[in-house]
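The following exercises are to be worked with the sequence and the coordinates at hand. Each task is followed by a solution in steps.

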Amino acid sequence: MKRFALLCIFLLLFFGCKKQKDTDTDKEILIMTSFYPVYISTINITKDILDIKVLNLTEYDTGCIHNYSLTSDNMKDISRTDIFVINGAGMETFIDKIIKEKSVLKIIDSSKGVKLIEKNNNQYNPHIWVSIENQIKQIENIKEGLSLYDPLHKENYKKNADLYITKLNQLKQEMEEGLKDIKYRNIVTFHEAFNYFAEEFNFNIVSVIEREPGVEPNAKEMAETIKMIKKYDVKALFAEPQYSSGPARVIAKETGLKVYTLDPAVSGPLNKNAYIDIMKNNIKVLKESLN
Ligand SMILES: [Zn+2]
């Protein structure tokens with residue numbers, strides 16, 4: 001009899017919980033982000049909200065998604081998504097395809113109102129999040145968008161965004177303080193990821209090793225970079241964790257410069273403080289390499 005009672009309790013708990021879970025899934029909001037930095041921003045804004053799920057469309061270690069082609073699995077994921085959060089500024093070159101095929105999808109463009117740096121023919125540099133000020137603007141845009149599409153959690157989004165923005169303002173202060181006395185401010189970066197950062201913290205990018213992201217520089221481009229390094233008395237070379245450091249090492253050999261790693265926060269750990277930790281590490285690298 002005792003055993004029977006236990007079995008009843010077990011069955012009740014099992015089916016009781018299962019039913020509860022099904023109900024939860026029904027009202028769960030699925031938010032998809034396009035790539036790593038947008039994912040880190042969004043998990044901060046949706047922190048501790050129970051019926052929200054945040055997933056990233058691309059692999060977390062994809063890095064920049066310049067020229068990314070959508071897979072059929074990506075399109076399936078988009079089909080079950082309620083809200084899609086993008087970086088904007090031209091980073092998601094596939095966005096037109098998504099809009100065309102899933103016209104009902106709610107899209108949040110986090111670059112709204114950010115002052116963009118023009119590259120050429122109406123194309124803009126999309127690496128806006130590497131500037132703390134822009135990152136704050138992006139957090140505000142994502143918060144606004146989520147509050148519009150999911151007004152039920154408006155207060156939670158506001159509370160989380162405010163908290164994260166406070167941390168980002170502290171980070172900006174720490175960076176200004178840490179970087180202000182750096183002696184040599186002419187730098188060569190690996191790809192065009194640091195232009196907004198350089199503008200914000202007063203560095204001068206004299207050349208970029210890889211002109212086209214993901215395409216190794218040819219001999220002429222390498223020679224031009226070496227010429228600029230000598231002309232502007234550049235003191236260090238920067239590779240990025242997401243790309244092969246090969247071309248930087250070739251230039252280092254020619255110029256006698258040391259190669260350091262500067263991280264545009266485009267891949268990394270999946271915790272909420274990841275962006276802040278990566279940027280703090282960049283302060284250390286810049287101080288060590290340029291003084
Ligand atoms: Zn990039």
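**Exercise 1. A charged pair**

Which residue meets the side chain of Glu133 in a salt bridge? Determine the partner and describe the setting of the pair.

Solution. The model is a predicted one.

Step 1. The partner is Lys172, with a distance of 2.8 Å from N to O.

Step 2. Glu133 belongs to helix H5 and Lys172 to helix H6 (residues 154–179).

Step 3. Glu133 has a relative accessible area of 39% and is partly exposed. Lys172, at 16%, counts as buried, because the limit for buried is under 20%.

Step 4. The pair also belongs to a network of salt bridges that links Glu133, Lys172 and Glu176.

**Exercise 2. Further salt bridges**

How many salt bridges does the count come to? Examine two further examples.

Solution. 

Step 1. The count comes to 15 salt bridges. Side chains of opposite charge can pair when their charged atoms come close.

Step 2. One of the salt bridges is formed by Glu144 with Lys143, whose closest N and O atoms are 3.8 Å apart. Lys143 is buried, at a relative accessible area of 15%.

Step 3. Another salt bridge joins the side chains of Lys235 and Asp233, at 3.0 Å from N to O. Lys235 is partly exposed, with a relative accessible area of 30%, and Asp233 is likewise partly exposed, with 42%.

**Exercise 3. The zinc site**

Which residues are the protein donors of the zinc ion?

Solution. 

Step 1. The donors are Cys64 through SG and His66, His127 and His191, each through NE2. They lie 2.0 to 2.2 Å from the zinc ion.

Step 2. The angles subtended by the four donor atoms run from 98 to 121 degrees. The arrangement is therefore tetrahedral, because the criterion requires all angles to lie between 85 and 135 degrees.

Step 3. The spacing of the donor residues in sequence reads C-x1-H-x60-H-x63-H.

Step 4. His127 is found in the loop between strand E6 (123–124) and helix H5 (132–149), and His191 in the loop between strand E7 (186–189) and helix H7 (195–201). The pair therefore ties together parts that are 64 residues apart in sequence.

Step 5. Is His127 buried or exposed? Its relative accessibility is 0%, so His127 counts as buried. His191 is also buried, with a relative accessible area of 0%.

**Exercise 4. Strands E7 and E8**

Do E7 and strand E8 run parallel or antiparallel, and how many bridges join them? Identify the unit to which they belong.

Solution. 

Step 1. E7 and strand E8 (residues 204–208) run parallel and are joined by four bridges.

Step 2. Within this pairing, Val188 stands opposite Ser207 in E8.

Step 3. Together with H7, the strands E7 and E8 make a β-α-β unit, and this unit is right-handed.

**Exercise 5. Aromatic pairs**

How many aromatic pairs does a search of the whole structure find? Classify two of them.

Solution. 

Step 1. The search finds eight aromatic pairs. Among them are the rings of Phe197 and Phe201, with centres 5.1 Å apart and planes at 55 degrees, so this pair is tilted.

Step 2. Both residues lie in helix H7, four residues apart, which is about one turn of the helix. Phe197 is buried, with a relative accessible area of 2%, and Phe201 counts as buried at 4%.

Step 3. The second pair is Phe238 and Tyr260, whose ring centres are 6.5 Å apart; the planes stand at 50 degrees, so this pair is tilted. Phe238 lies in strand E9 (residues 237–239) and Tyr260 in strand E10 (residues 259–261), 22 residues apart.

Step 4. Phe238 is buried, with a relative accessible area of 1%, and Tyr260 counts as buried at 14%.

Step 5. Phe194, Phe197, Phe201 and Phe203 form one aromatic cluster.

**Exercise 6. The whole chain**

How many helices and strands are there in the chain?

Solution. The chain has 10 helices and 10 strands. Of its 291 residues, 49% are buried.

Note on methods. Residues numbered from 1 in each chain as written. Predicted model: local features only at pLDDT ≥ 70, side-chain atom pairs only at ≥ 80, totals over all residues. Heavy atoms only, no water. Donors = N, O, S within 2.8 Å, 3.2 Å for Na, K, Ca; no water. Tetrahedral: all angles 85-135°; square planar, octahedral: opposite > 155°, others 65-115°. Helix = DSSP H or I, 4+ residues; strand = E, 2+ residues; numbered from the N terminus. Buried < 20%, exposed > 50% of the residue type's maximum accessible area, 1.4 Å probe, protein only. Pairing = 2+ DSSP bridges. Right-handed = clockwise from strand over helix to strand, strands pointing away. Salt bridge = Lys/Arg side-chain N within 4 Å of Asp/Glu carboxyl O. Phe/Tyr/Trp six-rings, centres within 6.5 Å; stacked < 30°, edge-to-face > 60°.
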